[in-house]
Amino acid sequence: MIYMKELEQEPFDPESFVERLAKRTMQVSFRDSDKDQLDPIALQETFLQAIKDLQMLQERQFRKCARLEQQCQEEELGHWQEIAQLQDKNKAAVGMFQELDERINYVATKVIHLGDQLESVNTPRSRAVEAQRLMSHFAEFLSPGPITLDVFADKSQIDEAADIIQKLHLIAQELPSDKFESAKRKISAKYDEIEKALIEEFVVAQEQEDTARMKEIASILSHFKGYTQCIDAFIEQSQMAALVGKNVFRDVIPLCRKNYDIMKDVFLNPDQVMAKFILNIYHGKLQDHIVSKLADKKDTNIYLENLHELYSKTVQLSNDLTVFDMGNDEMFLTKLTQNIFQKYLENYIGMELRNLKECSVTAIQKFYDSKSHHKRQIQTGGFQDLRRDLQAVIGTRANINIAQIDDYGGETFLSMEVVKSLLHTGKQAFKRCTVLSKQADQAGHAQLIFDVLLNQLLAEYVDYALELGLQAVPIPETKAQPQLYFLQVASQTNEIVHYLETETVHSLMPIILSTPKHAECMHKKKQMLEQIESKLDTGLDRVLSAIVGWVKIYLQTEQKKTDFKPEADLDTMASPACMAVVQYLGSTIKRIKACLDGKNAENVLLELGIRLHRVIYEHLLQFQFNSIGAMIAIMDVNEYRKCVKELHITLVDTLFDTLHALCNLLLVKPENLKQVCSGETLAGLDSSILVNFIQLRTDYKTQKLATSLKGLGV
């Protein structure tokens, strides 16, 4: 069967098989005949033949399967028989094992019983032998003259000699001194001699790194009084050439790790040895290193930095050493650290406060020296304010300057470098406080540091600069354009306060948060900032008074009556006095915006706009206006409007729009006055204001405008 291979393919697809069979039959049919026609008879014969072949193949497979099934059944039966035989053998083996186990247990019981009997007989015998041996050695010590026993003379038998002398020493302690004084002295002398020899041999073994011999000697000396001397010798030898560099802290952990492994191999109590090992380090080279570093207290700041660094490293070292077993005292390392630093930490906060004050005073004084300024006492209060006001009034009315204003050439006496220096010093103090103060004292110490920082930064530095700035503000109504240096003082003060707030959040708050000191610190800061804010408000008020005072005096001096009542026709343009004022105000507004921000700038600009409106309004009421003069007045007010637009204050814009509308009353025809007065802009004003403005017209009497205004309800 040519398609036998196809039937054995995996996976077998019957449809594909039939398709291939039909395709081959058709190809043969087309090749044998000249016509390309399907021969159904040939196709049927091929299918019938294939069916027969497949049936024969199926019968053959059935016979093969039956034969294989019979063979499997025979093999399965054989395996079951073999398993039954193995189970019988296993049962027999288990029985034999149980019997053997019983016999072993019986023999073991007999052996133990026999051992107990032997031990009960041998123990008294061995004790008697040991007692006899000790008595013979003791007799040697009772006899006069030196000890001649070989075991004590031969250094190779020192272990045996140590065992003997240790027992003799215990026995001697129980003997009466009057009869055995000489023997006891000899035993004690030999005891000390052997003990010393063992310690010396222990040191030699340690130098040779012979851990096995060290362990033997340590085990022997554990029964001697000088066992602690052995431990001391080990520690001294281990630390002899160690911890000699500049960085003592770095070398401690490797030294302990190396020797801790030796301790565990050599000593029976490695935890106690390790504790003494570390104790020797702390009270020895580590303490010497710390004392030498902290001996120089000439520079307090350097001393505090060294104290913080050394204490931090010691605490970190103690934390790293906890990996070693040093007994059950969890506070052991903490106590060692406190013993070293106790005398330094007792007066820490006093030195910290003194250092902070000294550094702050030095930084501020260095700044004043660079400006060739000598800090002086400034008189403040109501009397000084009254004196200033009187000088301003007298100077204005007498047209003389009796107030001596010193503006220090525009120097504000504030420097961000000084502020950053003070805040950095405070930051370092807070950082040291969290490390060097006890947990219960940290918040209180932080409050003391904050008080000093506030006093030096705000009271001694910023407040002094504000007082100088307040005195430098020109008095109102002077002829010279006022120099507004106080705006720069206000700007720098705001920046300083911002830096202070940031530093408070980052350095102080983590220490005092959730403690009673938090409220106290915030209250103190609030009080001092309110004082600063009050002086800023006073200074800014004086600045505004100086600005509008100059505008008032300048317009009174430079604005001529002919400006608004020209006799000849002129080009209608804003007056020179107006243009000068607008130019000054433009630069002043830019400066205010540059120095102030947020609500501060908004409030100052609002107050400036309101005061300017009042001054210009009252200024215009002092003049008479003809038609050309009215045009000039309208041009002036229009320039003022453009200027105050830069304020971006809606209320001020409204005020000047209304003033512009009032100026239009100076120009409109008499018959249109009522209509203009009832317009949207002027309708809300009091009628007296409208009449006062209309009365400024030169044609008020000639045109009998008073009659036409009766309807306004004057």
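This is a short walk through the structure shown above, from its overall make-up to a few single residues.

The model is predicted, so local features are described where pLDDT is at least 70 and side-chain atom pairs count only at pLDDT 80 or more, while totals for chains, interfaces and linings use all residues. Residues are numbered from 1 along each chain as its sequence is written, and side-chain values use heavy atoms, with hydrogens and water left out.

Let us begin with the whole protein. It has 26 helices and zero strands; helices (H or I, at least four residues) and strands (E, at least two) are DSSP runs, numbered from the N terminus. Of its 714 residues, 40% count as buried. Buried means under 20% relative accessible area, exposed means over 50%, and partly exposed is in between, using a 1.4 Å probe and protein chains only. A contact means heavy atoms within 4.5 Å. Among contacts with a separation of 6 or more, 76% are between residues 24 or more positions apart.

Now look inside. In soluble globular proteins, nonpolar side chains tend to be buried together. A nonpolar core is a set of buried Ala, Val, Leu, Ile, Met, Phe, Trp, Tyr and Cys residues joined through side-chain atoms within 4.5 Å. The largest one here holds 180 residues, and Phe267, Leu321 and Tyr461 touch the most other members. Helix α16 (residues 442-472) gives this core its largest share, 16 residues. Leaving aside residues up to four places away in sequence, Leu321 touches Val252, Ile253, Cys256, Ile278, Tyr282, Met326 and Leu333.

The buried residues of α15 include Leu422, Phe430 and Arg432. Its buried residues pack against α11 (300-321), α12 (332-345), α13 (348-370), α16 and α17 (486-512).

Next come the aromatic rings. Rings of Phe, Tyr and Trp (its six-membered ring) pair if their centres lie within 6.5 Å; planes under 30 degrees apart count as stacked, over 60 as edge-to-face and the rest as tilted. The whole structure has 16 aromatic pairs. In one of them, the ring centres of Phe564 and Phe625 are 4.9 Å apart and the planes are at 45°, so this pair is tilted. Phe564 lies in helix α19 (residues 561-564) and Phe625 in the loop between α21 (598-620) and α22 (627-645), so the pair ties together parts that are 61 residues apart in sequence. Both Phe564 and Phe625 are buried. Elsewhere, Phe367, Tyr368, Phe413, Tyr461 and Tyr464 form one aromatic cluster.

Finally, meet some individual residues. Lys525, in helix α18 (residues 516-558), is buried, with a relative accessible area of 9%. Apart from residues up to four places away in sequence, Lys525 touches Phe450, Leu454, Glu501 and Thr504. Ser514 sits in the loop between α17 and α18. Although Ser514 is not a glycine, it has a positive phi of about 65°, and it is exposed, with a relative accessible area of 76%.
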